[in-house]
Amino acid sequence: MSDVIVTTERLRLRLYTLNDEDALFKTFADPYALMFYPQMTERAKVRQWIEWNLRNYQDYGMGLWAIERKDTEAFIGDCGLTYQEVEGARQLEIGYHVVAEARGRGYAAEAARSCLTYGFHQTMAPLICSIVDPRNIASRTVAARVHTDCREFIKREQTFLMFYTMRDQFLTRDKLNP
């Protein structure tokens with residue numbers, strides 16, 4: 001597996017390395033990100049996040065990947081595919097996190113769309129989703145731009161939103177927009 005997994009017009013998604021710890025720590029350090037990931041104030045948790053993805057690369061051939069801008073090579077967050085449990089079923093999920101100063105520029109949606117395409121082309125997943133805390137307006141906006149449908153579900157006694165795209169919907173849309 002090469003270091004670069006996916007490229008888009010403006011971005012490169014590459015494998016994490018342990019050297020990404022400081023940049024990832026910064027991604028979760030602002031007050032908005034901490035509302036949804038309060039545990040990421042600990043450096044050990046950030047390192048565990050990277051190590052989890054390194055294991056996912058080995059076990060599944062995918063995980064969350066570091067996002068870099070092509071023009072500056074700056075680390076601006078992560079995006080990729082991981083398996084998550086939803087109502088007792090294992091679903092392929094697109095996750096994304098972007099540093100505060102890069103938000104609002106369409107990077108997360110651009111990266112997530114490329115992961116949706118990658119996921120349907122590289123796996124036989126019947127659907128790909130994004131699980132979103134309803135309070136996370138930024139993440140909801142991105143997921144709504146990437147996926148075709150949305151529904152609520154309960155996880156750990158809390159309501160979450162599952163934005164999703166079915167394989168058939170994607171393949172039809174993909175044929176119409178080559």
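Which residues form one aromatic cluster? Phe28, Tyr37, Trp49 and Trp52 do. The model is predicted, so local features need pLDDT of at least 70 and side-chain atom pairs count only at pLDDT 80 or more, while totals for chains, interfaces and linings use all residues. Residues are numbered from 1 along each chain as its sequence is written, and side-chain values use heavy atoms, leaving out hydrogens and water.

Rings of Phe, Tyr and Trp (its six-membered ring) pair if their centres lie within 6.5 Å, with planes under 30 degrees apart counted as stacked, over 60 as edge-to-face and the rest as tilted. By this rule there are 10 aromatic pairs. In one of them, the rings of tryptophan 65 and tyrosine 118 have centres 5.2 Å apart and planes at 80 degrees, so the pair is edge-to-face. Tryptophan 65 belongs to strand 3 (residues 64-69) and tyrosine 118 to helix 4 (residues 107-122), 53 residues apart; helices (H or I, at least four residues) and strands (E, at least two) are DSSP runs, numbered from the N terminus. Both tryptophan 65 and tyrosine 118 are buried, where buried means under 20% relative accessible area, exposed over 50% and partly exposed in between (1.4 Å probe, protein chains only).

A nonpolar core is a set of buried Ala, Val, Leu, Ile, Met, Phe, Trp, Tyr and Cys residues joined through side-chain atoms within 4.5 Å. The largest such core has 46 residues, and those touching the most other members include Tyr16 and Trp65. Helix 4 gives the most to this core, with 9 residues. Apart from it lies another core of 8 residues, among them Val86, Ile131, Phe153 and Phe160.

The structure also holds 12 salt bridges, each being a side-chain nitrogen of Lys or Arg within 4 Å of a carboxyl oxygen of Asp or Glu.

| Salt bridge | Closest N and O atoms |
|---|---|
| Arginine 14 and glutamate 68 | 2.6 Å |
| Aspartate 30 and arginine 103 | 2.8 Å |
| Arginine 135 and aspartate 133 | 2.7 Å |

Both arginine 14 and glutamate 68 are buried. Aspartate 30 is buried, with a relative accessible area of 14%, whereas arginine 103 is partly exposed at 29%. Arginine 135 is exposed, with a relative accessible area of 51%, while its partner aspartate 133 is buried at 12%. Salt bridges that share partners join Arg12, Arg14, Asp20 and Glu68 into one network.
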